[in-house]
Amino acid sequence: MISITVTALVFGVVFLAELPDKTALAGLVLGTRYRASYVFAGVAAAFLLHVVLAVAAGSVLTLLPQRIVHALTGALFLAGAAVLLLKRDEGEEEIKKPADQSFWKVAGTGFMLILVAEFGDLTQIMTANLAARYDDPLSVGLGAVLGLWAVAGLGIVGGKALMKRVPLRLITRIAALLMLGLGVWSLYEAVAG
């Protein structure tokens, strides 16, 4: 059974953490060069693979005693908040243009770009943490993949417009505060539990 609360929480945290990430910018660049639906298909497939791997890793952590899981996830959330708060703005990366505009070439370019760029990324680690924290792989996986897909869609279709209206620094600060809160809460549960 899917928990709407866990799914919504994971969606919000992952969405906010991914917005200022370089992959949102990569999606934006690819979306301006190629057919948006082709780009989204490749990017969405790569994010799905990343979420499956992250949830599997987080599910393994649930085999540890609860106190240790809370302490580990708390420390990792605090580290994630620190990374977001200390993160410097990144420039656009050079993206190779496929020779033709076929579905497989464009989707493949998007898939490979995200697959490589997101491996071990903050949101993948956060997803593993959330899977360990809530011991609800389906809800966590659904929330994470929907959050990542939403950011990809925004980046591909209208990233420039969003960034003009909402400062990237504000989005980053909100994501960091959410992670800080989750980290403190997890550490409290590790000590109190």
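Helix α3 (residues 36–61) has as its buried residues (under 20% relative accessible area; exposed is over 50%, partly exposed in between, with a 1.4 Å probe and protein chains only) Tyr38, Val39, Gly42, Val43, Ala44, Ala46, Phe47, His50, Val51, Ala54, Val55 and Gly58. This is a predicted model, in which local features need pLDDT of at least 70, side-chain atom pairs count only at pLDDT 80 or more, and totals for chains, interfaces and linings use all residues. Residues are numbered from 1 along each chain as its sequence is written, and side-chain values use heavy atoms, with hydrogens and water left out.

**Overall make-up**

- The protein has eight helices and zero strands, where helices (H or I, at least four residues) and strands (E, at least two) are DSSP runs numbered from the N terminus.
- From the N terminus on, the order of elements is α-α-α-α-α-α-α-α.
- Of the 193 residues of the protein, 44% count as buried.
- Among contacts (heavy atoms within 4.5 Å) with a separation of 6 or more, 92% are between residues 24 or more positions apart.

**Helices α3 and α5**

- The 26 residues of α3 should span 38 Å at 1.5 Å a residue, and the end C-alpha atoms of α3 are 37 Å apart, which agrees; the expected span is 1.5 Å times one less than the number of residues.
- Buried in α5 are Val106, Ala107, Thr109, Gly110, Ile114 and Glu118.
- These residues cover an arc of only 155° around the axis, so they sit on the same side of α5; the arc is that of the directions from the helix axis to the C-beta atoms.
- An α-helix has 3.6 residues a turn, so residues three or four places apart point the same way.
- Trp104 and Val116 are exposed on the other side of α5.
- Val116 has a relative accessibility of 62%, and its C-alpha atom is separated by 9.1 Å from that of Ala46, 70 residues apart along the chain.
- Just after α5, Gly120 has a positive phi of about 75°.

**Packing of α3 against α5**

- Two packed helices are described by the angle between their axes and the distance between the axes.
- The axes of α3 and α5 come within 7 Å and cross at roughly 35°; axes are lines fitted to C-alpha atoms, for helices over the stretch in contact, and angles run from 0 to 180 degrees between N-to-C directions.
- The crossing of α3 past α5 is right-handed, meaning that the near helix is turned clockwise from the far one by less than a right angle.
- On the α3 side, the residues that meet α5 are Tyr38, Val39, Ala41, Gly42, Val43, Ala45, Ala46, Phe47, Leu49 and His50.
- Their partners in α5 are Phe103, Val106, Ala107, Gly110, Phe111, Ile114, Leu115 and Glu118.

- Arg133 counts as buried at 9% relative accessibility, whereas Glu189 is partly exposed at 21%.

- Thr127 lies in helix α6 and is buried, with a relative accessible area of 2%.
- Apart from neighbours within four places in sequence, Thr127 is in contact with Val14, Val51, Ala54, Val55, Val140 and Ala144.
- Phe11 belongs to helix α1 (residues 4–18) and is partly exposed at 31% relative accessibility.
- Not counting residues up to four places away in sequence, Phe11 touches Gly143, Leu146, Gly147 and Ala150.
- Phe11 and Leu146 lie 135 residues apart in sequence, and their C-alpha atoms are 6.4 Å apart in space.
- Asp135 is in the loop between α6 (122–134) and α7 (137–165).
- The phi of Asp135 is near 45°, a positive value in a residue other than glycine, and Asp135 is exposed with a relative accessible area of 54%.
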